[in-house]
Amino acid sequence: MLPADWRKRFRGRWSLGRLLAPETTFRIGGPAQLYLEPESVTDLVESVVALRRIGMPYRILGGGSNLLVADRGVEGAVLSLARLRQIKRSEGRITADGGARLSTVVRVAAEQGLSGLEPFGGIPGTVGGAVFGNAGSKYGAIGPRVLALELLRPEGQLERVVPSGSFFGYRHSLVGDSVVLRVELSVEPGDRERVGRRTQDIVRERNRTQPGWVGNAGCVFKNPPGASAGRLIDDAGCKGLTEGRIRVSRRHANFFENVGGGRAESVQRLIDRVRKRVRRASGAELELEVRRWL
Ligand SMILES: Cc1cc2nc3c(=O)[nH]c(=O)nc-3n(C[C@H](O)[C@H](O)[C@H](O)COP(=O)(O)OP(=O)(O)OC[C@H]3O[C@@H](n4cnc5c(N)ncnc54)[C@H](O)[C@@H]3O)c2cc1C
């Protein structure tokens, strides 16, 4: 397993065979061969270097809110950023660790009357996960708010990146195999009450139109250019469609709900059925938004 010198220095938590289902909002997924929760950036860097040394693959876990994990679990290591969650404010920016909850960052900004992050109110998960997938909504994506990123490259070096125009696309970024350690987000001074109200309005709208934070993984499919995946799925008559304990949400057709005891293989079967029906009904090809560890 991992080198003894690493084990001596590692300050975080680690375990073998930890179940991943409770770490995801879908509540689906078997065990991770090795589960690591580094205590600090040093811990994280040393873990990545040690894992590379023994040739063990690793994956990064944020809030698990955009993930479908295999029922049999995953080989290799899962590195959770749950303990890296500092948030700092300075002139014109909020700097957050990759493991900081996006909802906390949005709340901190609102409490201080800093404007710009309201569109992300109510999006579950971490800042690192949001940047990896350029999370957002009809009110805007996080990419344009990112002033700089601190990345841990797979080879173990740290790099500060100022993203150019092509770094972010629709639900996509060029983070790739790197770990998002820290993110600097731009904010502007605003009126505290107005920022708070706008954030609350967006959260309320989300709560009205989407299922809650548990038992799903957000939107399953990306919106095809100029169309809404949810509308296409609804028009194809898929609302309420079920596979095992997984159901296409009646509230928002682009969400699949785990009604209790759902399995990844059922989600995959439902994905295939919905894609087929939508293709037949509209000719549209649905691309996955949810990330799969299958
Ligand atoms: C109820 C609900 C509503 C949602 N609404 C929205 C929405 O409106 N808009 C939207 O965009 N999304 C939405 N989502 C999806 C999800 O919340 C976002 O995609 C979120 O940004 C994922 O962050 P996470 O930390 O949970 O990432 P995870 O699910 O843990 O990981 C997702 C991917 O990011 C990678 N990753 C995570 N952290 C890092 C890191 N620090 N460095 C490198 N890679 C990393 C993982 O390896 C994985 O590939 C919703 C989800 C739910 C459950």
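Predicted model: local features only at pLDDT ≥ 70, side-chain atom pairs only at ≥ 80, totals over all residues.
A residue counts as buried if 20 or more other C-beta atoms lie within 10 Å of its own, as exposed if 12 or fewer do, and as partly exposed in between.

**Two alanines**

Ala21 sits in the loop between strand S1 (13-19) and strand S2 (31-37). Is Ala21 buried, exposed or partly exposed? It has 19 other C-beta atoms within 10 Å, so it comes out as partly exposed. Leaving out residues up to four places away in sequence, Ala21 touches Arg27, Ile28 and Gly29. Ala70 is 49 residues away from Ala21 along the chain, and their C-alpha atoms are separated by 9.4 Å.

Ala141 belongs to strand S10 (residues 140-141). With 21 other C-beta atoms within 10 Å, Ala141 is buried. Setting aside neighbours within four places in sequence, its contacts are Asn134, Ala135, Gly136 and Phe168.

Next comes an open sheet of five strands, ordered S6-S7-S15-S11-S12 and paired antiparallel. Its edges are strand S6 (87-90) and strand S12 (158-161), each of which pairs on one side only. On average, neighbouring strands here are turned by 15° against each other, ignoring direction.

| Strands | Bridges | Sense | Residue pair |
|---|---|---|---|
| S7 and S15 | five | antiparallel | Arg93 and Ser186 |
| S11 and S15 | six | antiparallel | Val146 and Leu185 |
| S11 and S12 | four | antiparallel | Leu152 and Leu158 |

Strand S15 (residues 179-186) is mostly covered, with six of its eight residues buried.

**Helix H3 on the sheet**

Helix H3 (residues 102-111) lies across S6 and strand S7 (93-97), and it runs at about 155° to S7. Which residues of H3 are buried? They are Leu102, Val105, Val106, Ala109 and Ala110. Seen down the axis of H3, these buried residues fall within an arc of 135°, so they line one face of the helix.

What do the buried residues of H3 pack against? Their partners are S6, S7, strand S8 (114-115), helix H4 (127-132) and helix H5 (192-209). Just after H3, Gly113 takes a positive phi of about 70°.

**The nonpolar core**

The largest nonpolar core has 77 residues, and those touching the most other members are Leu68, Val105, Val131, Val180 and Ile233. Helix H7 (residues 264-282) supplies the largest share of this core, six residues.

Val105 is one of the buried residues of H3. Val131, not counting residues up to four places away in sequence, touches Ile142, Val146, Leu149, Ser173, Val175, Val180 and Val183. Among these contacts, Val146 is the residue whose bridge partner in S15 is Leu185.

Terms used
Residues numbered from 1 in each chain as written. Pairing = 2+ DSSP bridges. Axes fitted to C-alpha atoms, helices over the stretch in contact; angles between N-to-C directions. Contact = placed C-beta atoms within 7 Å. Core = buried A, V, L, I, M, F, W, Y, C linked by C-beta atoms within 7 Å. Arc of directions from axis to C-beta.
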